[in-house]
Amino acid sequence: MTEHLAFMRTRISEVLTYRFELLFQLINPLLQLLLLAAVWRAVYAGKSDVDGVSVSTMTTYVTLSTLHTLLMHDQIVHWVEQRVRSGAVGIDLVRPIPLLRQQILSQASQVAVKVPMMAVVFPVAVVTTGLVAPAAPGLYALSTLLGWLINCCVLLLIAAVAFWTLELGGMTFLYYVVSQFLSGALVPLWFMPGWLRTAVEWLPLQATVFTPVAIYLGKDGWGGIGVQAMWLVLLGAAVVLVWRRALHRVVVQGG
Amino acid sequence: MPLIEARGLVKDFHRPRRRTGRFAGLRTLVSRERETVRAVDGVSFSIESGELVGYLGPNGAGKSTTIKMLTGILTPTAGEVTVAGVVPWRKRQDNARNIGVVFGQRSQLWWDLPLVESLRLVGKLYRMPRTRYEENLAKFVELLDMRPFLDTPVRQLSLGQRMRGDLAAAMIYEPAVLYLDEPTVGLDVIAKERIRKFVADLSSTSGTTVLLTTHDMDDVEALCERLILIDHGKVLYDGTPAALKDSYAPQRELVVQLASPCEVTVAGARTVESGEGVVRLSFDPAETPAAALISELFGNYPVTDVSLQETDLEDVIKKIYAGRS
Ligand SMILES: Nc1ncnc2c1ncn2[C@@H]1O[C@H](COP(=O)(O)OP(=O)(O)OP(=O)(O)O)[C@@H](O)[C@H]1O
Ligand SMILES: [Mg+2]
């Protein structure tokens, strides 16, 4: 246990050396928050609800989805790609913590950096956009945890591609753009056209942001948790398999 | 039972076959055709606990690839390897606890953090009791003279400082085996000397088993009791440096200073060079003992001084590399 905490501590100090980058990571959600709030206010234009969704529900959605997106945004894909390309992954492989576990600990370390960032974004969000009380706080916390874990799995699967191709190129960027939609970070699923909503509901990304926020708002419950649990089991198994394969065939670059 | 045992180790790398001619780049990209490079080709050796072995060979011989298999980084294509009873690639973490490794070209230290932070993390990762860690840290800071840069971020260290930091990180948890892949590359003579002394001390006082690759024959002369020489992934020689010299360069040289210039002819020795009162003689010590040669010289010529030249390992190795296919 202590070795895991020590590893996390080191990763956190390392992330904290790049203050400038952290500052930008902070500007991003604040901007998203203000822009989305402006858009939805224009959509509602004085009406108290649209399609049965009240304005306070919608502003709460914006606040929370922004915070969740901030939590999900993780450097791990970039980190793995760079370690594999440079051959530094060879060094990681001779550490006494298994490589996959190192990545999970790295992801957990980033949460420790995200919490103080959220402490900045949260009050701004509450004041500028608004927040209603949670419908089911316990269930929401559980769903948030599951959503974070699912997101970890998805990112680890993307990162693993680097073991085969050595580069992820535009893939990461594409993923971030697409995931903003598919996770429900920009637009809640209930406002999506029927065909898109069906497609999104069959994909795992909605379980990262949309499900916990919907549970907070009382629009989903144990059903949502069940779907999340299923995705977590499936993706978790995929991660273990893919990483095992990757480690078996790993080719370390450079002398 | 040997500590490190390799039996018929093979490692193949695959890479896309390069096309030439029209649209070469595009054709390389879409082609599924791949060529195989056999980097290590049936290497076997066994190393007993406490040995200090030099693993030598020209560029691209397969040294680093072998070390990557011994450390568990790479999975062998064929063959078997055990280190302290563990198959490294099967049980990477168990193996990691038994070994320390320094890659000269690459660092295990955390780039952005002060050196001491990396060492502290290593201490924790290997579950060292605090007092043990403190003792070893103090010892290594002293031995490797790291006090002046212990709190400096690794990215600001010079190559020699970083290498010392890497050695400390590899050894602070007292592993039984140490792999050194070109630990002195790019270092100045003083820094090289310091690292050699550290490795020699480690080997003699802690009994650490060391496998060292280097292109610096001074490292080998200073440290290794045994050499394994490989080329094209195959073992060419495995034995002591002295026996290697004897088999590849049996001749030794005697430099004779004369009071006045004169022709020197003695049985069993050949004149290699002569002039200005200095004569260099070449002889085979198996046939002509050095003592007999010297007493004959003193008896017949106005000799003021003689010195027996050590066979230079560098020359021997050069000769072997030059003679390869
Ligand atoms: N990742 C890789 N992909 C393809 N070929 C590789 C790879 N790594 C090494 N090789 C090839 O394997 C052979 C052995 O390489 P290796 O790095 O083991 O040599 P070495 O003995 O350490 O050489 P040097 O003295 O230059 O460090 C070389 O021909 C090299 O091109
Ligand atoms: Mg090498």
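Select B:Gly62 and ligand 1: a backbone N or O atom of this residue lies 2.9 Å from an oxygen atom of the ligand, a polar contact (a pair of N or O atoms within 3.5 Å; within protein, one must be able to donate a hydrogen and the other to accept it, and residues adjacent in sequence count only if both atoms are side-chain atoms). The model is predicted: local features need pLDDT of at least 70, side-chain atom pairs count only at pLDDT 80 or more, and totals for chains, interfaces and linings use all residues. Residues are numbered from 1 along each chain as its sequence is written, chains are lettered from A and ligands numbered from 1 in the order in which they are written, and side-chain values use heavy atoms, with hydrogens and water left out.

Then show the side chain of B:Lys63, which places a polar atom 2.7 Å from a ligand oxygen. Taken alone, ligand 1 exposes 640 Å², of which the protein buries 78% (Shrake-Rupley method, 1.4 Å probe).

Now display the whole shell of 16 residues around ligand 1; B:Gly60, B:Lys63, B:Ser64, B:Thr65 and B:His215 come nearest (a residue is near if one of its heavy atoms lies within 4 Å). Colour the shell by chain: residues from both A and B surround the ligand, so the site is shared between chains. By type, the shell divides into six nonpolar, seven polar and three charged residues, with Gly counted as polar. In chain B, β1 (4-16) and α2 (63-70) each supply at least two shell residues; the largest share, three residues, comes from α2(B). Helices (H or I, at least four residues) and strands (E, at least two) are DSSP runs, numbered from the N terminus.

Move to α6 of chain B, residues 159-171. Its 13 residues should span 18 Å at 1.5 Å a residue, and the end C-alpha atoms are 18 Å apart, which agrees; the expected span is 1.5 Å times one less than the number of residues. Of these 13 residues, 11 are buried (under 20% relative accessible area; exposed is over 50%, partly exposed in between; 1.4 Å probe, protein chains only). Among the buried residues are B:Arg162, B:Asp166 and B:Met171. To see their surroundings, select β5 (99-103), α4 (115-125), α5 (130-143), β6 (177-181) and α7 (189-206) of chain B, against which they pack (contact means heavy atoms within 4.5 Å).

Finally, select A:Val178 in helix α9 (residues 171-182) of chain A. At 36% relative accessibility, A:Val178 counts as partly exposed.
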